[in-house]
Amino acid sequence: MNNNEITFNDLPQVVAQLRDEVMGMKTLLARQQDESKRHLDNEKRHKPMTVDEAAAYTRIPLGTLYMKLADGSLPATKPGKRWVLYQDELDKWLEANRRNAVPLTADEENEAILSSHRRKPNKRDWKHV
């Protein structure tokens, strides 16, 4: 089928082809918009912060932050006299230091509690081997 010679019988095929191309372009455009949005979000989150701003952001007391900065457990730089922290690095540090990496649902929490408490078997159920 030549593009210049479209007949009435070819119309359904041509419309279907155009629809597929438009849908492909829509998904490609949506993917690009998501990537650019993620990139902008990452740029916004990689901003320098002072220790006071970091304390307000993380809600960790200022003394605790300075203690963690002094022992090197908190990701930060000190180019001069003042500490510089980055928001995205703080988020990663907070996530890495969680006790449970992902919060448990109520069902998972109940299952964990029940599995940690085992009953002692009854002596009548013991089999002599």
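Since the model is predicted, local features need pLDDT of at least 70 and side-chain atom pairs count only at pLDDT 80 or more, while totals for chains, interfaces and linings use all residues. Residues are numbered from 1 along each chain as its sequence is written, and side-chain values use heavy atoms, with hydrogens and water left out.

The chain has 5 helices and 2 strands, read from DSSP runs (helices are H or I, at least four residues; strands are E, at least two) and numbered from the N terminus. Starting at that end, the order is α-β-α-α-β-α-α. As for pLDDT (the predictor's confidence in each residue, from 0 to 100), the chain averages 81, with 78% of its residues at 70 or more. Helix H2 scores highest with a mean of 93, and helix H5 (residues 106–116) lowest with 73.

The largest one holds 11 residues, including Met49, Ile60, Leu69 and Trp93. Helices H2 (51–58), H3 (62–71) and H4 (87–96) each give two or more residues to this core, and H2 gives the most, with 3. Leaving aside residues up to four places away in sequence, Leu69 touches Val51, Leu74, Ala76, Trp83 and Leu85, where contact means heavy atoms within 4.5 Å.

Notes. Core = buried A, V, L, I, M, F, W, Y, C linked by side-chain atoms within 4.5 Å. Buried < 20%, exposed > 50% of the residue type's maximum accessible area, 1.4 Å probe, protein only.
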